[in-house]
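Me: Some labels get attached to parts of a structure, and I would like to know what stands behind them. Please go through them one at a time.

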Amino acid sequence: MIKINLNRLPEIDREADESYKQLRTNLMFCGDDIKSIMFTSTQPNEGKSEVSFFVACSLAESGKRVLLMDADIRKSAMAGRFQPDKTVNGLSHYLAGKDVLDNVVCQTNIHNLYMIFAGRTVPNPSELLGSSRFPAMMTALKKVFDYIIIDTPPVGLVVDAAVIGAHVDGSVLVVGYGDTSQKDAIRAKTQLERSGCRMLGAVLNRVAVKKGSYYYRGYYGKYGKSGVTK
């Protein structure tokens, strides 16, 4: 296992922190069998990567041993966003058989938080994610970590999230307020469920509560017949 420092960490205000603690509590009450959770969205720029990071940090803060995995090996964002102090191999290296799991799991300077970065961009991400190495990796990681939070590509654009969804315990759909139609959200939900993935609920992101103020508010629970509403 490699030790790294994340040199650039996003700030969070008190109200947002409280919202993430609420999300954390709701996730923990989904059941003892829910340990690997993927976060996806219908389209880019709805904030799923940031939500994934803050949820992972909140779980780690509660004393849980947490792994945050960047599974967007088409268009990775986390390494550039958090600027680790050393270059490391990532998920694509492991899935392609170019490195072992111990060498891609990184212990960060945030207590209880570990990360697997996406690694090198590859031309065949769906094939790599659909290989036997991915479920084998998940089985191994569950023996070490209390929670595995996985940031995936938008389900509305590529099949990667649905491929990953077949091997996780649950999924959360991040919906950007005012950015996603009800029709698109329902289509994303249906696509994930067809993969055999259990839907835990949705996070309604970037809700304006007053002029000039934005924070994250999460709504968890089972979807009704009408699906996700804006």
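This is a predicted model: local features need pLDDT of at least 70, side-chain atom pairs count only at pLDDT 80 or more; totals for chains, interfaces and linings use all residues.

Me: What makes up the protein, in helices and strands?
Reply: The protein has 8 helices and 9 strands. Buried residues account for 51% of its 230 residues.

Me: How do you know how confident the predictor is?
Reply: The average pLDDT of the protein is 86, and 90% of the residues score at least 70. Residues 211–230 are another matter: pLDDT stays under 50 there. For that stretch the model has 60 contacts beyond four places in sequence.

Me: How do you know what share of the contacts joins residues at least 24 apart?
Reply: The count takes contacts between residues at least 6 apart in sequence, and 80% of these join residues at least 24 apart.

Me: Why is R24 called buried?
Reply: Buried means under 20% relative accessible area. R24 has 15%, which is under 20%, so R24 is buried. This residue belongs to helix α1, residues 14–28.

Me: What does R24 touch, leaving out residues up to four places away in sequence?
Reply: R24 touches S58, L59, E61 and S62. With S58 there is also a reach from the side chain of R24 to the backbone oxygen, at 3.0 Å. The limit for a polar contact is 3.5 Å, and 3.0 Å lies within it.

Me: Why is K48 called buried?
Reply: The relative accessibility of K48 is 8%, and the cut-off is under 20%, so K48 counts as buried. K48 is part of helix α2.

Me: Which residues does K48 touch, not counting those up to four places away in sequence?
Reply: The contacts of K48 are F39, T40, S41, D72, D151, T152, P153, P154 and V174. As for V174, its C-alpha atom is separated from that of K48 by 5.7 Å, while the two residues are 126 residues apart along the chain.

Me: What is known of the largest pocket, and which residues lie nearest its centre?
Reply: The volume of the largest pocket is about 450 Å³. Its lining has 21 residues, and P44, N45, K48, S49 and D72 lie nearest the centre. Helix α2, residues 48–61, gives the most to that lining, with 3 residues.

Me: How many residues of each class line the largest pocket?
Reply: The lining has 10 charged, 6 nonpolar and 5 polar residues.

Me: How can empty space be found at all?
Reply: A probe the size of a water molecule is rolled over the atoms, and this shows where empty space is left.

Me: Why is D160 called buried?
Reply: Its relative accessible area is 0%, and buried means under 20%, so D160 is buried. D160 lies in helix α7, residues 160–165.

Me: What makes the pair of D160 and S126 a polar contact?
Reply: The side chains of D160 and S126 are joined at 2.8 Å, and the limit is 3.5 Å. S126 is also one of the residues in contact with D160 when neighbours within four places in sequence are left aside.

Me: Why is N109 called partly exposed?
Reply: N109 has a relative accessible area of 38%; partly exposed is the range between buried, under 20%, and exposed, over 50%, so N109 falls in that range. The residue is in the loop between β4 and β5.

Me: Which residues does N109 touch, leaving out those up to four places away in sequence?
Reply: N109 touches I4, N5 and L6. N5 is 104 residues apart from N109 in sequence, yet their C-alpha atoms are 5.1 Å apart in space. A polar atom of the N109 side chain lies 2.7 Å from the backbone nitrogen of L6.

Me: Why is N112 called buried?
Reply: At 18%, the relative accessible area of N112 is under 20%, so N112 is buried. N112 is in the loop between β4 (106–107) and β5 (113–116). Its phi is positive, about 75°, although N112 is not a glycine.

Me: Why is Q83 called partly exposed?
Reply: Q83 has 37% relative accessibility, between 20% and 50%, so Q83 counts as partly exposed. Its loop runs between α3 (78–82) and α4 (91–95). Phi of Q83 is near 50°, a positive value in a residue other than glycine.

Definitions and conventions: Residues are numbered from 1 along each chain as its sequence is written. Side-chain values use heavy atoms; hydrogens and water are left out. On a 1 Å grid over the protein atoms alone, a cavity is a set of points where a 1.4 Å probe fits but cannot get out, and a pocket is an open set with protein on both sides within 12 Å along at least five of seven lines; lining residues have an atom within 4 Å of a point. Grid points are joined across faces, edges and corners, and a volume is the space filled by probe spheres set on the points. Helices (H or I, at least four residues) and strands (E, at least two) are DSSP runs, numbered from the N terminus. Ala, Val, Leu, Ile, Met, Phe, Trp, Tyr, Cys and Pro count as nonpolar, Asp, Glu, Lys and Arg as charged, and the others, Gly among them, as polar. pLDDT is the predictor's confidence in each residue, from 0 to 100. Contact means heavy atoms within 4.5 Å. Buried means under 20% relative accessible area, exposed over 50%, partly exposed in between (1.4 Å probe, protein chains only). A polar contact is a pair of N or O atoms within 3.5 Å; within protein, one must be able to donate a hydrogen and the other to accept it, and residues adjacent in sequence count only if both atoms are side-chain atoms.
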